[in-house]
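Here is a short report on one protein chain. Keep the sequence and the 3D view open while reading.

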Amino acid sequence: LPQKGAGAGSFEWDFVAGNDRCSDELGALYGLPDGMAPASYAAWRRAVHVDDRARVGALVDQAIRQGVEYEVEWPVNLPPGVSPRWMISRARPLRDENGTISGYLGLSIDITEQKLNEIHLQQYRDDLKGMVAEQTAQLVVANAEQQRLNRALRLLSDCNVTLAHAR
């Protein structure tokens, strides 16, 4: 129940016995029907969106090779028409009595709201940059016009002075 309320699911990959496990909550977060949670490492990789699968897989594979903890953000590979979902997975290696890595124990957390906020913030920043660029261009034009008018006023003033002295 705590995992469901937190938008999280746990997993354990057993590299020795192949007895991989994951919580039911994990399958729901991946948009899968009940009982279809991706327990294995290979099934988990398929849950990562195709566009990010190589990047995410390489990061996790490197952590496994080095025997270190990992943390990786990734979009879920969902069916067309389903709202996008992002996850962050954190896992640590499990070691046998000899210190050899026997698997990984981890947690995946739904960070969709955070990612959507980041996307909206970036769109807002981009919009602001566009407005600043537009305003800057308008100021450049206005400044050039102001300089032109100042030159014209100086010329007119010089003409008035010349006329005043000529009388």
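## The nonpolar core

The model is predicted. Its largest nonpolar core has 21 residues. Among these, W13, Y30, W44, V60, Y70, W74 and Y104 touch the most other members.

Which elements each supply at least two residues of this core? The helices are α2 (24-29), α3 (41-47) and α4 (50-66). The strands are β1 (8-14), β3 (70-75), β4 (86-95) and β5 (101-110).

## Fold and overall dimensions

The protein chain has 5 helices and 5 strands. Along the sequence they run α-β-β-α-α-α-β-β-β-α. Helix α5 covers residues 112-166.

How does the radius of gyration of the protein chain sit against that of a compact globule of 167 residues? The globule would have a value near 15 Å. The protein chain has 31 Å. Its C-alpha atoms fill a box of roughly 110 × 40 × 30 Å along the principal axes. Of the 167 residues, 28% count as buried.

## Aromatic contacts

The whole structure holds 6 aromatic pairs. One of them joins W44 and W74 in an edge-to-face arrangement.

Y70 and Y104 form a tilted pair. Here the centre-to-centre distance is 5.8 Å and the angle between the planes is 40°. Y70 sits in strand β3 and Y104 in strand β5, so the contact ties together parts 34 residues apart in sequence. Is Y70 buried or exposed? Y70 counts as buried because its relative accessibility is 7%, under the 20% cut-off. Y104 is buried too, with a relative accessible area of 0%. W44, W74, Y70 and Y104 also belong to one aromatic cluster, together with F11, W13 and F15.

## Salt bridges

The count comes to 8 salt bridges. In one of them, the side chains of R21 and E12 meet at 2.4 Å, N to O. R21 is partly exposed, with a relative accessible area of 41%.

Another salt bridge joins K115 and E73, at 3.0 Å from N to O. K115 lies in helix α5 and E73 in strand β3, so the pair ties together parts 42 residues apart in sequence. Where do the two partners fall on the burial scale? K115 counts as buried at 17% relative accessibility, because the cut-off for buried is under 20%. E73 counts as partly exposed at 31%. E73 and K115 are also linked with E118 in a network of salt bridges.

The side chains of R85 and D110 form a further salt bridge, with an N to O distance of 3.8 Å. This pair links distant parts of the chain. R85 is in the loop between β3 and β4, and D110 is in strand β5, 25 residues apart. R85 counts as partly exposed at 21% relative accessibility. The same cut-off explains the label: buried means under 20%, so a value of 21% falls in the partly exposed range. D110, at 28%, also counts as partly exposed.

## Helix α5 and its surface

What do L121, Y124, L128 and M131 form on the surface? They make a nonpolar patch. Together they have about 390 Å² of accessible area. One of the four, L121, is found in helix α5. L121 is partly exposed, with a relative accessible area of 40%.

R125 is placed in helix α5 as well. How far apart are the C-alpha atoms of R125 and R46? They are separated by 33 Å. Along the chain, R125 and R46 are 79 residues apart.

Conventions
Residues are numbered from 1 along each chain as its sequence is written. This is a predicted model: local features need pLDDT of at least 70, side-chain atom pairs count only at pLDDT 80 or more; totals for chains, interfaces and linings use all residues. Side-chain values use heavy atoms; hydrogens and water are left out. A nonpolar core is a set of buried Ala, Val, Leu, Ile, Met, Phe, Trp, Tyr and Cys residues joined through side-chain atoms within 4.5 Å. Buried means under 20% relative accessible area, exposed over 50%, partly exposed in between (1.4 Å probe, protein chains only). A salt bridge is a side-chain nitrogen of Lys or Arg within 4 Å of a carboxyl oxygen of Asp or Glu. Patches are made of residues with over 30% relative accessible area and no salt bridge: like charges are joined within 9 Å, nonpolar side chains (Val, Leu, Ile, Met, Phe, Trp, Tyr) within 5 Å. Accessible areas come from the Shrake-Rupley method with a 1.4 Å probe; for residues, only the protein chains shown count as cover. Rings of Phe, Tyr and Trp (its six-membered ring) pair if their centres lie within 6.5 Å; planes under 30 degrees apart count as stacked, over 60 as edge-to-face and the rest as tilted. The radius of gyration is taken over C-alpha atoms; the globule rule is 2.2 Å times the number of residues to the power 0.38.
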